[in-house]
Amino acid sequence: MPCGAVRPLDGTRPNRPFLWTREDGMRLLSAPGEGNTWFDDVNDQGQAVGNFEVRAPVPLEPIVSRAFLWTPQEGFQALAGLTD
């Protein structure tokens, strides 16, 4: 069950997360934030981890991102950071 993200052709909007299965093909997922989403790894149970930008990048401001766990049953779940 691969997952990843696709970027719009114009490159001005954030990428869109997706899930691919043999049965259903590619299915776009609701983005967990307003910026880009990156999947880093997926296990045999179809659980994935990664990070997402809380908001779209703003020039001259730091990018704010959060880690997530994604499961087919519950979708995206933001993970608390060490400073939360």
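Of the 84 residues of the chain, 29% count as buried. The structure described here is a predicted model. Its secondary structure comes to 7 strands and 0 helices, and the pattern read along the sequence is β-β-β-β-β-β-β. The C-alpha trace spans about 45 × 35 × 15 Å along its principal axes.

A search of the whole structure for salt bridges finds 2. One of them joins Asp10 to Arg13, with 3.6 Å between the closest N and O atoms. Asp10 has a relative accessibility of 45% and therefore counts as partly exposed. Arg13, at a relative accessible area of 48%, is also partly exposed. For both residues the value falls between the limits of 20% for buried and 50% for exposed.

Another salt bridge is formed by Glu61 and Arg55, whose closest N and O atoms are 2.8 Å apart. Glu61 is partly exposed, because its relative accessible area is 42%. The corresponding value for Arg55 is 30%, so Arg55 is partly exposed too.

The search of the whole structure finds 1 cavity of 30 Å³ or more. Rolling a probe the size of a water molecule over the atoms shows where empty space is left. The volume of the largest cavity is about 40 Å³. By class, the lining has 6 nonpolar and 2 charged residues, and no polar ones.

On the surface, Trp20, Met26 and Leu28 form a nonpolar patch. Together these residues have about 290 Å² of accessible area. Trp20 belongs to strand E2, which covers residues 16–21. The relative accessibility of Trp20 is 37%, so Trp20 counts as partly exposed. A residue of a patch must have over 30% relative accessible area, and Trp20, at 37%, therefore lies over this cut-off.

Key:
Residues are numbered from 1 along each chain as its sequence is written. This is a predicted model: local features need pLDDT of at least 70, side-chain atom pairs count only at pLDDT 80 or more; totals for chains, interfaces and linings use all residues. Side-chain values use heavy atoms; hydrogens and water are left out. Patches are made of residues with over 30% relative accessible area and no salt bridge: like charges are joined within 9 Å, nonpolar side chains (Val, Leu, Ile, Met, Phe, Trp, Tyr) within 5 Å. Accessible areas come from the Shrake-Rupley method with a 1.4 Å probe; for residues, only the protein chains shown count as cover. A salt bridge is a side-chain nitrogen of Lys or Arg within 4 Å of a carboxyl oxygen of Asp or Glu. Helices (H or I, at least four residues) and strands (E, at least two) are DSSP runs, numbered from the N terminus. Buried means under 20% relative accessible area, exposed over 50%, partly exposed in between (1.4 Å probe, protein chains only). On a 1 Å grid over the protein atoms alone, a cavity is a set of points where a 1.4 Å probe fits but cannot get out, and a pocket is an open set with protein on both sides within 12 Å along at least five of seven lines; lining residues have an atom within 4 Å of a point. Grid points are joined across faces, edges and corners, and a volume is the space filled by probe spheres set on the points. Ala, Val, Leu, Ile, Met, Phe, Trp, Tyr, Cys and Pro count as nonpolar, Asp, Glu, Lys and Arg as charged, and the others, Gly among them, as polar.
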